2 protein chains.
Amino acid sequence: MIAPGATIGILGGGQLGRMLALAAAELGFDTHIFTPEDDSAAARVAARATIAPYEDEAALAAFAAAVDVVTFEFENVPARTAQLLEAGRAPVRPNAAALALAQDRLVEKQIFRDLGVATAPFAAVDDDAGLAAALTTIGAPAILKTRRLGYDGKGQARIADPAAAGAAFALLGRAPAILEGVIDFEREISVIGARALDGGFAVYDVCENIHRGGILAITRVPAAISEESAARAIQTAKNLMDRLDYVGVLTVEFFVLAGGALIANEFAPRVHNSGHWTSDACVTSQFEQHIRAIAGWPLGDAARLADIEMINLIGADVEQWRAFAAERNAHVRLYGKREARAGRKMGHVTRLLRH
Amino acid sequence: MIAPGATIGILGGGQLGRMLALAAAELGFDTHIFTPEDDSAAARVAARATIAPYEDEAALAAFAAAVDVVTFEFENVPARTAQLLEAGRAPVRPNAAALALAQDRLVEKQIFRDLGVATAPFAAVDDDAGLAAALTTIGAPAILKTRRLGYDGKGQARIADPAAAGAAFALLGRAPAILEGVIDFEREISVIGARALDGGFAVYDVCENIHRGGILAITRVPAAISEESAARAIQTAKNLMDRLDYVGVLTVEFFVLAGGALIANEFAPRVHNSGHWTSDACVTSQFEQHIRAIAGWPLGDAARLADIEMINLIGADVEQWRAFAAERNAHVRLYGKREARAGRKMGHVTRLLRH
């Protein structure tokens, strides 16, 4: 067990890094943020910060030598960066291999299939011929997604008509892609689980998510799904984490069909926006849970004490902070970002609905 | 209302400053800690820190110019320091006058009397003649306390036998003191209230406290007292805050006699150890409540969602962190202090008892 007083190294300076750093501080840890961003949200609550590009090998080596464990607020870490960190003195949790798998939508889908979980129909698209073949198999409408670096609806283009396929591919810069069939789902859910160093598993209640413009807008817990669907979703998350020899918090997103069947969509090897409610409705938040796991501590209690909803404050939504601050029974959480750009996650609000 | 993105200045680098800084960060504020202590617990979670003596006038002026509001984690701020801060651009909340009153046990007792609240019998002691006179009035056993700079049982000496009074006075360095009669109380309670800039008031459920060696050991909520006693305690706290034109969180400690009568003991113009449970059982913690108040925000919801107990980890108690980390339903909170000296508050644990 990594003892209080040790330093947790976190790659990434955004709101997830900030909330991880706050949770680490509550357990008596120091944090050290590594980020290319000057004046980042996370660095302003950390004991130390290294401001350098993720490709700066000297800075990475110094960072790895200065901390007792390394973790991440996001999965799109260059493979070389993760390798350099793993060559350091401090353990890297979750492991770099798990990050690498989550970076590639095609590999992600193949893992779900290997685990016996349904996915949307998909096919790899590397060139125009591959795109034509994929459209023949999958049909339109379909969604073309870059294999790498997609999040919050970025790197995606909908193909309603096969005639427009070439334009969609061009829009994505003709990067290696995956064509996915469109799923007629009833709702979207996510499972946030944690796996300890000794293989121990804890999971939060399944979350129901509403996206707008490809970005999470609202999460409600409990999700309006059957116990059977919830149990299958949770088992999938556990199987995935066991398979990856995972340490930390991991999130799996699913579509739920009208009959209750599950379609695995993607996973994120990290704490997740759809788990922010855990800070306000659970004994152990997803952030503390992740810190406990990577520090080799036993996992905390993931039991939910209240029904709750979370509303994301995106871009100019943050201007509503005064109204939310005046609302009874609401938690306002703001991330300290300097500029409220469109589509940028600026904060969130949770409302206890029943307890 | 001071908007998110502004900087909260906090005097003091201990655990209360740390927890205030963490709460401020959750609302999107930056924090700037002023403390003479190098590598302090609070500075390691703050955006900025000034490390300078409280008497460093240039450092205080620069600090006051760099922040948007000034507050305190403790009341024993030199009067000159508070005056210098009040001369700065940023408002000082709570006001320096309230701090000054709380620094003097004699003044504190007189305020309680002015508010019509019972206190232990007391008399000022400035010299040997005064001590003899006080002992004649109050009788032995009694407790001699320095008027200033007392906390956690420091600056106190019990006088069991009038013959030993001179030795007790010498032990306290013959500093201006107050002799207090010993109260035969049934239990100790505290009330943690908050007053907003517009006079709005919020209060947490009354806490029951168990001290050991003059230091808080355990807090349990709810307190085992009558509704009537609780209502009177709360009304006293409100009256005191109104009288001081107070902004922020303030704590009043009482003794409860066997019949339910209240004896006001002392007040602290700040967040308080006996309120740490609010972070885990309330929508709004005492730390967030204080930040809301000093930022001119509406007060948050102080409703309690669970029965709870808090156990202080003092000195070597902190070595038990592994056992507490493995306990279901418990929150472990450690303060990041480097050295576990005897009597030093190193962390605390809360246990949800019923929810």
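The structure is a predicted model, with an ipTM of 0.94 and a pTM of 0.96. For chain A, the mean pLDDT is 95, and 99% of the residues reach 70 or more.

The same surface serves both copies, since 100% of the contact residues of chain A recur in chain B.

Helix H1 contributes a contact between the chains. On the side of H1(A), the contact is made by A:Arg18, A:Leu22, A:Ala25 and A:Glu26; on the side of H1(B), B:Arg18, B:Leu22, B:Ala25 and B:Glu26 take part. Classification of the residues in the contact of H1(A) with H1(B) gives four nonpolar, four charged and no polar residues.

H1(A) also packs within its own chain, against helix H10 of chain A (residues 286-294), where the axes come within 8 Å and cross at roughly 70°. An angle of 65 to 115 degrees counts as roughly perpendicular, so H1(A) is roughly perpendicular to H10(A). Here the crossing of H1(A) and H10(A) is right-handed. H1(A) supplies A:Leu16, A:Met19, A:Leu20, A:Ala23 and A:Ala24 to this contact, and H10(A) supplies A:Phe287, A:Glu288, A:His290 and A:Ile291. Seven of the residues in the contact of H1(A) with H10(A) are nonpolar, one is polar and one is charged.

A further helix pair in chain A is formed by H2 (residues 57-66) and H3 (residues 79-86), which pack at an angle of about 40° with their axes 9 Å apart. This angle makes H2(A) oblique to H3(A), and H2(A) passes H3(A) in a right-handed crossing. The contact involves A:Glu57, A:Leu60, A:Phe63 and A:Ala64 of H2(A), together with A:Arg80, A:Thr81, A:Leu84 and A:Leu85 of H3(A). By class, the contact of H2(A) with H3(A) comprises five nonpolar, one polar and two charged residues.

Local backbone features were examined in loops. In chain A, the peptide bond from A:Val221 to A:Pro222 is cis, with omega near 5°; A:Pro222 is located in the loop between strand S12 (215-221) and helix H8 (227-243). In chain B, a cis peptide bond with omega near 0° runs from B:Ala140 to B:Pro141, and B:Pro141 occupies the loop between helix H6 (128-138) and strand S6 (142-146). A:Asp245, although not a glycine, has a positive phi of about 50°. The position of A:Asp245 is in the loop between H8 and strand S13 (248-256) of chain A.

How values were computed:
Residues are numbered from 1 along each chain as its sequence is written. Chains are lettered from A and ligands numbered from 1 in the order in which they are written. This is a predicted model: local features need pLDDT of at least 70, side-chain atom pairs count only at pLDDT 80 or more; totals for chains, interfaces and linings use all residues. Side-chain values use heavy atoms; hydrogens and water are left out. pLDDT is the predictor's confidence in each residue, from 0 to 100. Contact means heavy atoms within 4.5 Å. Helices (H or I, at least four residues) and strands (E, at least two) are DSSP runs, numbered from the N terminus. Ala, Val, Leu, Ile, Met, Phe, Trp, Tyr, Cys and Pro count as nonpolar, Asp, Glu, Lys and Arg as charged, and the others, Gly among them, as polar. Axes are lines fitted to C-alpha atoms, for helices over the stretch in contact, and angles run from 0 to 180 degrees between N-to-C directions. Angles under 35 degrees count as roughly parallel, over 145 as roughly antiparallel, 65 to 115 as roughly perpendicular and the rest as oblique. A crossing is left-handed if the near helix is turned anticlockwise from the far one by less than a right angle, and right-handed if clockwise.
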